[in-house]
Amino acid sequence: MTDKKILYIDMDNTLVDFSAKLKGVDPDLLKRFEGRVDELPGVFALMPPMDGAIEAYRELHTLFDTYILSTAPWGNPSAWQHKVEWVQLHLGLDKGTPAYKRLILSHHKNLNRGDFLVDDRPTHNGADRFQGEVLWFGEHGEHETWPDVVTYLKGQL
Ligand SMILES: [Mg+2]
């Protein structure tokens with residue numbers, strides 16, 4: 001049991017820099033998968049973290065009861081595998097690592113009880129009905145960078 005506040009963090013374009021990987025993808029394939037690039041086979045596995053995301057996660061996990069709450073595309077089963085592999089690669093595989101057994105894949109983020117959700121898409125996959133506070137992350141959001149998010153959340157402790 002913990003009395004820390006519960007924090008959820010999205011993956012695509014929040015922890016994971018989705019756009020970076022697409023730069024190397026065949027333009028014809030990009031066209032074929034236009035509007036659903038997250039269904040490109042294997043696209044997820046090698047994407048880099050967003051700037052400062054891993055450092056921020058490591059710090060926040062000491063302050064909050066922190067989970068990764070992501071949606072894997074229904075039409076791309078390999079993404080479900082690649083998401084857990086990504087988390088293990090960047091945050092560790094073993095017991096005691098900060099995201100150990102803390103990855104939740106859901107199309108219904110509103111069903112997760114908690115205090116905060118950091119997400120670049122505040123109206124998708126139930127985020128708009130999340131009962132806690134949604135922090136809109138990214139260049140179009142209210143919190144543009146990871147240091148912004150960390151500063152804000154530390155103020156909410
Ligand atoms: Mg996202």
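**Helices and sheet in a predicted model**

Me: In this predicted model, how do the axes of helix α3 and helix α5 lie to each other?
Reply: The axes of α3 (residues 53-63) and α5 (residues 146-154) come within 9 Å and cross at roughly 10 degrees.

Me: Why is α3 called roughly parallel to α5?
Reply: Angles under 35 degrees count as roughly parallel. The crossing is roughly 10 degrees, so α3 is roughly parallel to α5.

Me: What makes up the contact of α3 with α5?
Reply: From α3 come Ala53, Ala56, Glu59, Leu60 and Leu63, and they meet Trp146, Val150, Leu153 and Lys154 of α5. Of the residues in this contact, 7 are nonpolar, none is polar and 2 are charged.

Me: How do you know that β1 and β2 pair?
Reply: Two strands pair if there are at least two bridges between them. Strand β1 (residues 6-9) and strand β2 (residues 65-70) have 4 bridges, in the parallel sense, so they count as paired. Isoleucine 9, for one, has isoleucine 68 in β2 as its bridge partner.

Me: What is the order of the strands in the open sheet?
Reply: The 5 strands run β3-β2-β1-β4-β5, with parallel pairing.

Me: Why do β3 and β5 stand at the edges?
Reply: β3 (103-105) and β5 (133-136) each have a single partner strand, so one side of each has no neighbour in the sheet. On average, neighbouring strands of this sheet are turned by 25 degrees against each other, direction ignored.

Me: Which strands does helix α4 touch?
Reply: Helix α4 (residues 77-91) packs on the sheet and touches β2 and β3. The direction of α4 makes about 160 degrees with that of β3.

Key: Residues numbered from 1 in each chain as written. Predicted model: local features only at pLDDT ≥ 70, side-chain atom pairs only at ≥ 80, totals over all residues. Heavy atoms only, no water. Helix = DSSP H or I, 4+ residues; strand = E, 2+ residues; numbered from the N terminus. Axes fitted to C-alpha atoms, helices over the stretch in contact; angles between N-to-C directions. Contact = heavy atoms within 4.5 Å. Parallel < 35°, antiparallel > 145°, perpendicular 65-115°, else oblique. Nonpolar A, V, L, I, M, F, W, Y, C, P; charged D, E, K, R; others polar.
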